Amino acid sequence: MPIQIPEKPAAALDALHNAGIGAWVVGGAVRDSLLGRKVSDWDLTAACQPEALLDALPEAKPIGGVYGTVSWHGVEITPCRTEEGYTDNRHPDQVTFGADIRADLARRDFTVNAIAYDGTIAIDPYHGHHDLENHLLRCVGEPKRRFAEDALRILRLYRFAGVLGFAIEQETETAALELAHTLGTVSAPRVRGELTKALAGARPSALMPLIQAGGLSEFAIPPQQGLSLEPLDKMPHSALCRWWAFLRLTGADAKAVGKVFDFGRNFMRDLARMDALYLAGCPEDRHAMKLALMEELPFSAAEAFAAFAALDDAFACAPTLYRELVESGEPYQKAHLRITPAELLVEGVPGRKISQVQKCLVKAVVDTPELNVYPTLAQMAKGLKKVL
């Protein structure tokens, strides 16, 4: 299928071609276009030195350091290059510019990412089209060499498998699992970023062989025999739900993982709140559901109960019970009270006591919804302010 290149990347290609420089769209943009998927980033490569990019694109700004990448109106262009030596299993020891496009494609990770398109003709020396058609992930060249160059490619392999729904070619997977331990040499932020993308995909359970092989052990996610991540595939797509379920299924300690990946205070708070809601068990009826949700949640209750139901059959009725509660209009949180904090002040409740009064009022209307009318709440508040 022809690739429809948006205005800015197409303009960059034209400018480079007019300057006599070979230029191509590469990587995920080509892959996703051929798959009919939405393309988020259009990256280009050009057969020239970094200085030539700045000459051909006067408004471009250098952003890529040793890789010579420039940004031009939001489009990133990197000179074709070859790389040598990867002593840290992540970064090349030497980068050489001016390579032709085929040499540049030879250093890439997977065949489906090693297709270049110049606006007219596709260059595909590793038969990426064939692997796209067969939904197969295969390394460019010798798999062990590819993964030894950059250990993060191992995690990217399983991320692509889950996001694209592709199978992994046998030699590629054998090498990935044999070298899975080398993922421990990659920085935690890079691993966290790839894991988050993998968990957001359609089939995050694709990560299972990597975890069983101990690929994430250095990041407080231990190998686990008999592990099944299939419930992840049914989870709501929020990062919170996916991470919560992933940690539960792998048996990883949330605090330890959060420290390794620097989740931040708010995300850790939300994980803890979600886990507490789960450990409280499935509410038996609408009243129990209201009691469970009296304290406002910093996340969607609907998504949380959907996640619990996907993980645990004991919560099978929870999504329906919650939906029925919402549809009933019955009050169960401060926001549902028919009296506002400002109105409580007017009724003589001191500001310092408003939160306590609200909590008492919420408990009352949870038990007896008919009490949730302004005159009744105002009268109750006046009595409460005297005893609290």
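Leaving aside neighbours within four places in sequence, with which residues is L345 in contact? In the predicted model described here, L345 is in contact with P350, G351 and I354, contact being defined as heavy atoms within 4.5 Å. Residues are numbered from 1 along each chain as its sequence is written. Because the model is predicted, local features need pLDDT of at least 70 and side-chain atom pairs count only at pLDDT 80 or more, whereas totals for chains, interfaces and linings use all residues; side-chain values use heavy atoms, with hydrogens and water left out.

The protein contains 19 helices and 11 strands, assigned as DSSP runs (helices H or I, at least four residues; strands E, at least two) and numbered from the N terminus. Along the principal axes, the C-alpha atoms fill a box of roughly 85 × 50 × 40 Å. Of the 388 residues, 47% count as buried, where buried means under 20% relative accessible area, exposed over 50%, and partly exposed in between (1.4 Å probe, protein chains only). Among contacts with a separation of 6 or more, 64% are between residues 24 or more positions apart. The accessible surface comes to about 18300 Å², of which 51% belongs to carbon and sulfur atoms, as computed by the Shrake-Rupley method with a 1.4 Å probe.

L345 is found in helix α17 and is partly exposed, with a relative accessible area of 47%. L345 and L325 are 20 residues apart in sequence and 30 Å apart in space, C-alpha to C-alpha. One of the residues in contact with L345 is I354, which is among the buried residues of α18. Helix α18 (residues 354-367) has 14 residues and reaches 20 Å from its first C-alpha to its last, close to the 20 Å expected at 1.5 Å a residue; the expected span is 1.5 Å times one less than the number of residues. The buried positions of α18 are I354, V357, Q358, L361, V362, A364, V365 and V366. An α-helix has 3.6 residues a turn, so residues three or four places apart point the same way. The buried residues of α18 pack against α14 (286-292), α17 (341-346) and α19 (374-387).

Most residues other than glycine have a negative phi.

D253 is found between α11 (239-250) and α12 (254-261) and counts as partly exposed at 44% relative accessibility. The C-alpha atoms of D253 and A188 are separated by 16 Å, the two residues being 65 residues apart along the chain. S217 is placed in the loop between α10 (208-212) and α11 and is partly exposed, with a relative accessible area of 34%. Not counting residues up to four places away in sequence, S217 touches P222 and P223.
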